[in-house]
Number of protein chains: 2
Amino acid sequence: MLSHKQQVLLNTVTKLLRKNAHRRVRDIIHKVHTADLAVVFEILNESQQLVVFDLLTNNEIRAELLEDLEEVVAIRLIKDYSSSEIAELINLMSTDDATDLIQEFDEEKVDEILSLLKKDDREDLEELIAYEDDTAGGLMVTEFMAVRCDESIQTVLEEIQASGDDAEMVFYTYAVDEDGRLVGIASLREIIQAEEEDTLEDIMETDIHKVRPYTDQEEVARVISQYDLLAVPVVDDENMIIGIVTVDDIIDVIREENTEDILKLVGTDEDLFEDYSVRKNIIARFPWLLATWFGGIVVMKLVGAYEDQLSKFVALTAFFPVILGMSGNVGQQSATIIVRGLAIGKVDVSRLASTVGKETLTGLVIGVIYGLALAGAAWVEFGDEVAMIPLVVGLSQCAGMGVAAMAGALFPMLLTRLNIDPAVSTGPLVTTSLDLIGMWIYIAFATLFIF
Amino acid sequence: MLSHKQQVLLNTVTKLLRKNAHRRVRDIIHKVHTADLAVVFEILNESQQLVVFDLLTNNEIRAELLEDLEEVVAIRLIKDYSSSEIAELINLMSTDDATDLIQEFDEEKVDEILSLLKKDDREDLEELIAYEDDTAGGLMVTEFMAVRCDESIQTVLEEIQASGDDAEMVFYTYAVDEDGRLVGIASLREIIQAEEEDTLEDIMETDIHKVRPYTDQEEVARVISQYDLLAVPVVDDENMIIGIVTVDDIIDVIREENTEDILKLVGTDEDLFEDYSVRKNIIARFPWLLATWFGGIVVMKLVGAYEDQLSKFVALTAFFPVILGMSGNVGQQSATIIVRGLAIGKVDVSRLASTVGKETLTGLVIGVIYGLALAGAAWVEFGDEVAMIPLVVGLSQCAGMGVAAMAGALFPMLLTRLNIDPAVSTGPLVTTSLDLIGMWIYIAFATLFIF
C-alpha cells in the first residue's frame with residue numbers, strides 16, 4: 001500500500017500532468033526521494049511515465065529511478081535512447097541493476113552499449129550478464145571491500161577511507177590471502193574497535209557463510225535471513241570472492257517469491273504485476289480455470305451417465321456443490337499448509353507418516369462434524385422422500401474430506417522426496433483432482449445405498 | 001526447506017536421541033550454529049526438545065536459541081524454571097526477544113523475574129512490554145549508539161570503541177541535540193571516512209526516515225525495504241530516540257506476514273505454525289469450511305425449491321459444479337490479485353474505475369471463451385433432450401464470470417477506501433458469495449428460458 005506521502009505525491013503529479021503544468025511537476029520530482037518516486041511512477045499510465053521521465057533532467061536521479069523500477073517499465077522509458085545515452089545511465093547504476101536492465105536489449109545494442117563503457121565496468125558487466133537472474137550471480141554487486149588478511153587495521157581503515165562512495169553498502173570487510181582467496185570477514189564495528197596495530201587476521205571471523213554464483217536466490221535469502229547477515233560473499237570454485245549480495249536485494253527477493261506463491265495459489269502467473277494489462281491477465285489466468293472447467297465437464301459426464309437414476313432422485317444433485325466444495329477446500333488447505341510448512345522449515349519431509357497422519361485425522365474429524373450436520377440438513381429437506389439420502393451425504397462428506405486431506409498432504413511430501421518443487425501441488429490440476437475425489441465417493445455411496 | 005547441513009543435523013540428533021547417546025548429542029549441539037540448531041529444534045517433538053535443551057549447558061547458547069525459537073516453543077522449555085534461572089537467560093537475550101518471551105508468563109512471575117534484573121535492564125523491559133507485539137515498539141531493541149551532534153568524529157569513534165558488543169547491530173550512529181532529540185544519522189562508513197576534527201553535525205544526514213513506537217510492523221517493513229535501510233530509529237512524541245528496529249527483524253516480519261497472507265487465502269489461522277497440532281489445525285480450519293458448507297446449503301435449498309422443475313430437466317443439475325466453480329474461481333483470482341497488488345503498491349485505490357474495469361473485462365473475455373466451450377459440451381451431451389440447455393449454460397457461464405470478477409475486484413478496493421484491511425475479501429465469506437453469484441444467475445436464466 002502507498003504511504004500517505006506517496007499518495008499525496010501521486011495525486012499532485014497526476015493533477016499537474018492533467019493541467020500540463022510540466023515545470024511544476026519537474027520541480028516536485030527532483031525534490032522527492034527516488035524510492036517514493038519509483039512507487040508512484042509504477043502506478044502512472046505509460047504516457048504519463050514517459051512525460052515524467054523526460055522531465056527528469058538529473059541523470060543520477062534517472063539512474064536511481066531505473067534501478068528501482070520493474071525492468072519492463074524501465075526498458076520502455078529508454079528503449080529509443082542512443083547507445084551513448086544509455087551507457088551514461090548504465091554507468092551511474094549499481095552493477096546488479098545495470099546488468100538486469102541491459103539484458104533487455106538485443107545483442108547488437110548490448111555490444112554497442114558495452115563498448116562505450118570503461119574497460120573495468122565493461123568486464124564487470126560482461127561477467128554478470130553470464131549469470132541467471134535468479135541466482136546469487138544475478139543478484140550480486142561487484143563493489144565490495146577486500147583486503148589482504150595480513151594488513152594492519154590502520155591500512156584497512158585507510159583503504160575504507162579511500163574507497164569513497166564506491167562500495168556503497170560497506171558493513172563488512174572481506175579478508176583474502178595472498179592468492180585472493182576468501183579467508184575471513186570483519187564488520188566495520190569490529191574494525192573500529194580493534195587496536196590499530198592488530199592485523200585483519202587477528203580480529204576476523206573465519207566461520208564464513210558464503211554462496212556460489214549459481215546458488216539459487218531462495219537459498220541466498222535463506223542464508224542471509226537465518227544467520228541475520230547484512231550481506232553474503234559470493235565465491236567462485238577457487239574460493240575467490242567475486243561479489244556480494246546485500247540484504248536489501250534479498251528483501252526484494254523474498255517479496256517477489258511471496259507474490260509468486262500467492263498468485264500461484266489462485267493459478268495466475270507469477271510476473272503478472274511486472275506489466276499488469278488485460279491481455280496478460282487473461283493469458284495468466286486461463287490455464288487454472290481450464291482445470292476447473294474440465295473438472296466440471298467430468299461431473300457433467302458423470303451426471304449424464306447416471307441421468308436416469310438421478311432424475312428419480314433429483315434431491316441427490318442438490319448436494320453436488322457442497323460435497324465437491326468441502327473435499328476440495330479441505331484438500332487445498334492441507335496442500336497449502338504442507339507446502340508453506342516445508343518452505344519455512346516447520347514441516348520436515350522425513351516425518352512423512354506423522355505429518356500425513358495429522359492432516360488425515362484433521363480431515364476426518366472435520367468431516368465427521370460436517371457430515372453429521374449435512375446429514376441433518378438433508379433429513380430436514382429431503383428425508384421424507386428418500387430415507388437413505390442423509391446416510392449417503394453424511395458418509396460421503398466425511399470420507400471425501402478425510403481422503404482429500406490425506407491426498408493434499410501426501411502429494412507435496414512425495415514431490416519433495418522426489419526433489420520436485422512441492423508448490424505445484426497447490427496448482428490447478430491437483431486442486432481439481434481433490435475437488436473430484438468427493439464426487440466419486442458420493443456417486444459410489446449413492447450407487448451402493450440408493451440406485 | 002532445511003539446508004543439507006540442517007537435514008544432516010536433524011537426522012544425526014534424532015538417531016542419537018533414539019539410542020540415548022546423550023553425551024554425543026551434547027557435543028554436537030554445542031558445536032553447530034545456533035540458527036541451524038533452532039531450525040532443527042522446531043521439528044523435534046516436545047519430549048525431544050526438552051531433552052536437547054537440558055543438554056545445552058552453555059547459557060549463552062541457550063539464550064540465543066530461545067531468541068530464535070517461536071515463543072510457544074521457547075516458553076515450554078523454561079516454564080518450570082525458577083525466576084532467577086529465567087532472569088539469567090533473559091539477561092543474555094536481546095531486549096526485543098526478551099520482551100516477547102517474558103510476556104508469556106503470568107503477571108506475578110513477570111514481576112518476580114523483573115525484580116531480579118539490573119535496574120536499567122528492568123526499566124528497558126518494562127517500557128518495551130507496554131508496546132504491542134506487532135508495532136515498532138514491540139520490534140525495537142534499546143541498544144543503539146546515540147551521540148551528541150556537536151561531538152567530534154574522534155569522540156564518536158571512541159564511543160564506538162567503548163561500546164563493546166552491547167550495541168550488537170551497529171551500522172548507524174544517531175546524532176541527538178542537547179535535549180536528546182534525534183537530529184541526524186551517519187553510517188559507520190561515513191564516520192570512518194570523515195576527518196577526525198569534523199563534528200558529527202558536519203557529516204550527518206538530516207533527512208531521516210523514522211517511525212513511532214506504535215507504528216504498525218507492516219509500515220516499518222515498508223520504510224526499511226523501500227528506502228533500503230539497515231535499521232530505522234524509533235522516536236517518541238518529543239522526537240527522542242527510544243530504540244531501533246533492525247533489518248533482520250523486518251525480514252522475519254515479512255516472512256510472517258506472507259505466511260499469514262497465504263494461510264488466510266485458504267482460510268486457516270495465521271499462527272498455525274507456532275504450534276502445529278491436530279487440535280489447532282481443526283480449530284483453525286473450521287470457520288472457512290463453514291462458509292463453504294453454508295454456501296452448499298444455500299444451493300441445496302435452491303434445488304429443493306426447484307425440485308419439480310429440475311427433475312424434468314435433470315441435465316441442468318450436471319452444470320452446478322462448473323457454473324459455481326468457475327465464477328467462484330475467477331472472482332477469487334480477481335480479489336487475490338487486487339489485494340496483493342494493493343499490498344505491494346502495484347494497484348492504487350485512487351484508480352478504482354480503471355482497475356475494476358480491467359478485471360471485469362478480463363472476467364468477461366474469459367467467460368465468453370469458456371461459455372462457448374461449455375455450450376458446445378452441453379450441446380453434445382444433452383442437446384437432443386433440451387435444446388435450450390446450451391444457451392442457458394453458456395450465458396450463465398459468461399455472465400457469472402464477468403460479475404464475479406467485477407465483485408472480486410470491487411470489494412477490496414472499497415474496503416481499502418474505508419480503511420479496512422482488504423485481505424478479508426479473500427476470506428471465506430466473500431469467496432463463498434462469489435461462488436454463489438454464478439448459481440443465482442444460472443437459476444435465473446433457467447427460469448427465463450426453460451422452466
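Two strands count as paired if DSSP finds at least two bridges between them. Helices (H or I, at least four residues) and strands (E, at least two) are themselves DSSP runs, numbered from the N terminus. Keep that in mind, everyone, as we look at this one together.

This is a predicted model, where local features need pLDDT of at least 70, side-chain atom pairs count only at pLDDT 80 or more, and totals for chains, interfaces and linings use all residues. Residues are numbered from 1 along each chain as its sequence is written, with chains lettered from A and ligands numbered from 1 in the order in which they are written.

Let's start with the sheet. In chain B, 3 strands form an open sheet in the order 1-2-3, with mixed pairing. Strand 1 (146–148) and strand 3 (182–187) of chain B are the edges, each pairing on one side only. From one strand to the next, the twist averages 35 degrees. Strand 2 (residues 172–176) of chain B runs antiparallel to strand 3 of chain B, and the two share 5 bridges. To find your place there, look for B:Y172, which stands opposite B:S187.

Now for some helices. Helix 1 (residues 4–18) and helix 3 (residues 34–41) of chain B pack at about 60 degrees, their axes 9 Å apart. Axes here are lines fitted to C-alpha atoms, for helices over the stretch in contact, and angles run from 0 to 180 degrees between N-to-C directions. That angle makes helix 1 of chain B oblique to helix 3 of chain B; the scale is under 35 degrees for roughly parallel, over 145 for roughly antiparallel, 65 to 115 for roughly perpendicular, and oblique for the rest. Which residues of helix 1 and helix 3 of chain B make the contact? Helix 1 of chain B brings B:K5, B:Q6, B:L9, B:L10 and B:V13, while helix 3 of chain B brings B:D36, B:V39 and B:V40. Contact means that C-beta atoms, placed from the backbone, lie within 7 Å.

Next, the two chains together. 93 residues of chain A are in contact with 93 residues of chain B. On the chain A side, the largest share, 16 residues, comes from helix 19 (residues 320–343) of chain A.

Finally, how confident is the predictor? Chain A averages a pLDDT (its confidence in each residue, from 0 to 100) of 88, and 98% of the residues score at least 70. For the complex, the predictor gives an ipTM of 0.81 and a pTM of 0.82.

Methods. Contact = placed C-beta atoms within 7 Å. pLDDT = per-residue confidence, 0-100.
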